Amino acid sequence: MSDSIISQNDIDYLKMIRKNIIEFMKYTSVNYAHQPGILLDIAPQIHSGAKPYFSEYIKVETFDIDIHSGCTYIGDICQYNEFLKINTFDYIVCTEVLEHTLHPFKAVDEILRILKPNGKLFLSVPFNFRIHGPLPDCWRFTEHGLRVLLERFSILELNAIETPERQLMPIHYTVVAQKLI
């Protein structure tokens, strides 16, 4: 993979995805994070993460599998993390993570466990985008797959960036979902 040539489409799509994530964070912070609370940002990586986009009355904590990440919590979102108590977080941001998990259904189980009743999940995943790091990069989810993955949530919004001139092949999805009581 290291010798692969990155296409102009992938360069353009990455710009679109990054812009969409920033717009998504701004949008969700204004439209869905109305109340003070605790937000868990899963795997913020080298990017700025969610913190710059949410008001100061939202306490942002971070979670990553990388022991060198400097996150608030270190663990695997695909496993039960006993240090994360049930119904702890009012908001969870999970952008560009699920495609890198080995067990996305288990990851959603853990997110569901630690999210408070009526808590909001802000999720994004690529679809029509190249395999990328950090490896592994295991999954791509369609709208239908996301609905199954999040079937124990109420999906408030599910939006896609469509691929120009290629119907039914979105570049990227964003989802706002609410934990049911």
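1. Start with helix 2 (residues 104-114), where R113 and E110 sit three residues apart, about one turn of the helix. Helices here are DSSP runs of H or I with at least four residues, strands are runs of E with at least two, and both are numbered from the N terminus. The side chains of R113 and E110 meet in a salt bridge, at 2.8 Å from N to O. That term means a side-chain nitrogen of Lys or Arg within 4 Å of a carboxyl oxygen of Asp or Glu.

2. A quick word on what you're looking at: this is a predicted model, in which local features need pLDDT of at least 70 and side-chain atom pairs count only at pLDDT 80 or more, while totals for chains, interfaces and linings use all residues. Residues are numbered from 1 along each chain as its sequence is written, and side-chain values use heavy atoms, with hydrogens and water left out.

3. Back to that pair: are R113 and E110 buried or exposed? R113 is buried, with a relative accessible area of 16%, and E110 counts as buried too, at 4%. Buried means under 20% relative accessible area, exposed means over 50%, and partly exposed is in between (1.4 Å probe, protein chains only).

4. How many salt bridges are there by this rule? The count comes to eight.

5. Another of them joins the side chains of E23 and K19, at 3.6 Å from N to O. Both residues belong to helix 1 (residues 8-31), and because they are four residues apart there, about one helical turn separates them. E23 is partly exposed, with a relative accessible area of 41%, whereas K19 counts as exposed at 54%.

6. Now take a look at E61, which is in strand 2. Its side chain meets that of K59 in a salt bridge of 3.1 Å, N to O. The two side chains are also joined by a polar contact of 3.1 Å. A polar contact is a pair of N or O atoms within 3.5 Å; within protein, one must be able to donate a hydrogen and the other to accept it, and residues adjacent in sequence count only if both atoms are side-chain atoms.

7. What surrounds E61, leaving aside its neighbours within four places in sequence? E61 is in contact (heavy atoms within 4.5 Å) with I38, L39, L40, D41, T72, Y73 and F89. With a relative accessible area of 9%, E61 is buried.

8. D66 is partly exposed, at 35% relative accessible area. From D66 to C94 is 28 residues in sequence and 15 Å in space, C-alpha to C-alpha.

9. Strand 7 (residues 172-179) is worth a look as well: eight of its eight residues are buried. In a regular strand the side chains alternate between the two faces of the sheet. Both faces of strand 7 are covered, with H172, T174, V176 and Q178 buried on one side and Y173, V175, A177 and K179 buried on the other.

10. Which strands pair with strand 7? Strand 5 (residues 115-126) does, in the antiparallel sense over seven bridges, with F122 having V176 as its bridge partner. Strand 6 (residues 153-161) also pairs with strand 7 in the antiparallel sense, over eight bridges, and here I161 stands opposite H172. Two strands pair if DSSP finds at least two bridges between them.
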